[in-house]
Each structure stands twice: as C-alpha cells, then as structure tokens.
Amino acid sequence: MGRAVFTGRLSLGSAAFRPIDPLILSQTRTTFSLLVLLPILVGGHGWKRIKLPARDLAYCFLLGTLGVAVSNYFYYVAIQRTNVATAIIVQYTAPVWVLIYVVARGQQKLSLQKAVAVALAVTGIALVIGIFGPKRDAGSAFRLDTYGVVAALVASFSFAFYNVAAHGILARYDRWRVLLWTLAAAAAFWLVVNPPWKIFLAHYAAMQWLFLFVFSMISVLGAFSLYFLGLQYLEPTRAIIASCLEPVFSILLAALLLGEVLRPIQTLGIVFVLAAIVIVQRPGRSTAEESVVVEPME
C-alpha cells in the first residue's frame, strides 16, 4: 500500500490521487494511532494506567524518535526509492545487528550457528541490492538507488536500536503502555519537523485522509493487537519466526499487485536473509541463553 501511495498508483473509487510523501505517511501513522490508543488505555482506568516516571518518559522519547520515527520514515523512503523487496529484506536484517551488538557486549557467545546467520544475512543483502551478479545495462528494469539502499540500512539499524533499547523498559511495564509513549514521542517529533499547517497546505482530499487513517489502524494497532494475541499462544521465538513471513507476503503482494519483478539472484538473496533471520531467532543449545527477540515495529 505504501509503494502504491508513493508512486501515485493509489486509486480510491473512481479517482486516482497524487503521491503522498513518506514523511506524511510516517507522521499520520503514529499520530492517528496515538489518538485512538490513548482513550482506549485511559478510559475506565484513568491516567494511572499509563503513568510513567520522568526518567522512563525520557527513555520512551528516545525510543519514539530514534526508534519508531526514524525507522518508519527511512523504511518508507527505501520503498519509494527502490522497491518493496529491497526495502523490507534489508530492514529485516535487524535481528542480525542485534545479535552482533549483544555478542560484542558479551551478553551472548558467538556460536557457529550465529556466525553462519550473520554470513548468510550479509551475503543475502549483497545479492538483493545487486552488489554481486551480472552487471546491468542502462536499459535494465532494475536500478540500484544508492540513497534508497542507505535508507533501508538506516531503517534496519534504527529498528535494531529500538529492540535493544526497549528490552529493559518492557521488562518493567506492559507493552501497550510503552507503545503509547513511544507513539506519543514520535508524534511530537513529527509535529516539530512537519507542523500541522504544512500538512493542511498540501490540500489532501477527504479520501486520502481516510486512507491514511485506515492505513494507520491496520499497520500499527491492528498488527500489534494480533501479534500480542499470538504471543499468548506461542513462545516468543516461535512468534518471531512466524512474523518473518511478513517479507515473503510483502514481496509476493508487490509482485502480484504492483508488477515488481525480481531477478533470480535477488530471490536467492532473499532466501539467504530469511534463513539468517530464522537461525538467529532459534534458541541455542544452552537453555540459559536468551534468544534475540525482535518485534515488528517497522
């Protein structure tokens, strides 16, 4: 849906609308979700339901800006400048960056299984973005957009930061409270970067606003509600592995609905990255070793 919006291929009813900027999609996604989630959490329980100490509020501000806002924006930029397959598969290498971080910090040991996962992920990225393989001529349908690839990498690092930094606070508070304040921080950040009057001066049509609202509900609150529900019936590691089907479905939908075509070598790279993600998320031989759990917050 994001790719269709960025390229002006979104058609609502009988009218086609001009492209919507990734910044607007990122901003409305967090703001609308916050406006809906806030009364749900506060209603019936009061403000005590979401109250946090000042130190933890500041921590959520970092999560909301450097984690949620940055990863959302650069992920959408990557989709706009490259394609769905490149953007999502590069961003989904976040578990590998988390693994490298915890190994460097001495929180986990580097096993052969994890070393293979890192090698697969790096090789997969190289294949997806076209570093290896046959050279493309000027008329080739596939074009490597350097800014788009860099944006995807920034999104993956930001996604990894969110998951590493959120570990401690999620151990002390429920997920919905943390989600609310990270969304609030992201929404406040976007209000400074892109004030409301600039949005209104863009003169979006009513159907575009409707799309932005529905998109926010589906991609944030709907996704998190279903994911948390799944966690009630699955172990976290199994739930994460199941969520790794997201790149598969995204790439297939982009091919079916948007006509995006992958070269065989890119497909091989995607398989490598998905294999690396699954390997990283699998528990080691030692039961005391924690798995690297990365939740879907892109």
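Author: Happy to! Buried residues make up 48% of the 298 residues in the chain. Keep in mind that this is a predicted model.

Reader: Thanks! How many helices and strands does the chain have?

Author: There are 13 helices and 2 strands in the chain.

Reader: And what share of the contacts with a separation of 6 or more comes from residues 24 or more positions apart?

Author: Residues 24 or more positions apart account for 85% of those contacts.

Reader: Let's look at some helix pairs. At what angle do the axes of α2 and α3 cross?

Author: The axes of α2 (residues 22-42) and α3 (residues 54-81) cross at roughly 140° and come within 9 Å. Angles over 145 degrees would count as roughly antiparallel, so α2 and α3 are oblique to each other.

Reader: Is the crossing of α2 and α3 left-handed or right-handed?

Author: α2 passes α3 in a right-handed crossing.

Reader: Which residues meet there, in α2 and α3?

Author: From α2 you have Pro 22, Leu 23, Leu 25, Ser 26, Arg 29 and Thr 30, and they meet Val 68, Asn 72, Tyr 73, Tyr 76, Val 77 and Gln 80 in α3. By class, the contact of α2 with α3 has 7 nonpolar, 4 polar and 1 charged residues.

Reader: Nice. What about α4 and α7, how are they oriented to each other?

Author: The axes of α4 (residues 84-91) and α7 (residues 146-170) cross at roughly 30°, so the two helices are roughly parallel to each other. Their axes come within 8 Å, and the crossing is right-handed.

Reader: Which residues make the contact?

Author: On the α4 side they are Thr 86, Ala 87, Val 90 and Gln 91, and α7 brings Val 149, Ala 152, Leu 153, Ala 155, Ser 156 and Phe 159. This contact of α4 with α7 has 7 nonpolar, 3 polar and no charged residues.

Reader: Changing topic: which residues of α6 are buried?

Author: In α6 the buried ones are Lys 114, Ala 117, Val 118, Ala 121, Gly 124, Ile 125, Ala 126, Leu 127 and Val 128.

Reader: And how far apart are the end C-alpha atoms of α6?

Author: They are 24 Å apart, which agrees with the 24 Å that its 17 residues should span at 1.5 Å a residue.

Reader: Last one: where does Arg 9 lie, and what is Arg 9 in contact with?

Author: Arg 9 lies in the loop between α1 and β1. Leaving aside neighbours within four places in sequence, Arg 9 is in contact with Ala 4, Leu 257 and Leu 258. Arg 9 and Pro 19 are 10 residues apart in sequence and 7.7 Å apart in space, C-alpha to C-alpha.

Note on methods. Residues numbered from 1 in each chain as written. Predicted model: local features only at pLDDT ≥ 70, side-chain atom pairs only at ≥ 80, totals over all residues. Heavy atoms only, no water. Axes fitted to C-alpha atoms, helices over the stretch in contact; angles between N-to-C directions. Helix = DSSP H or I, 4+ residues; strand = E, 2+ residues; numbered from the N terminus. Parallel < 35°, antiparallel > 145°, perpendicular 65-115°, else oblique. Left-handed = near helix turned anticlockwise from the far one by under 90°. Contact = heavy atoms within 4.5 Å. Nonpolar A, V, L, I, M, F, W, Y, C, P; charged D, E, K, R; others polar. Expected span 1.5 Å × (residues − 1). Buried < 20%, exposed > 50% of the residue type's maximum accessible area, 1.4 Å probe, protein only.
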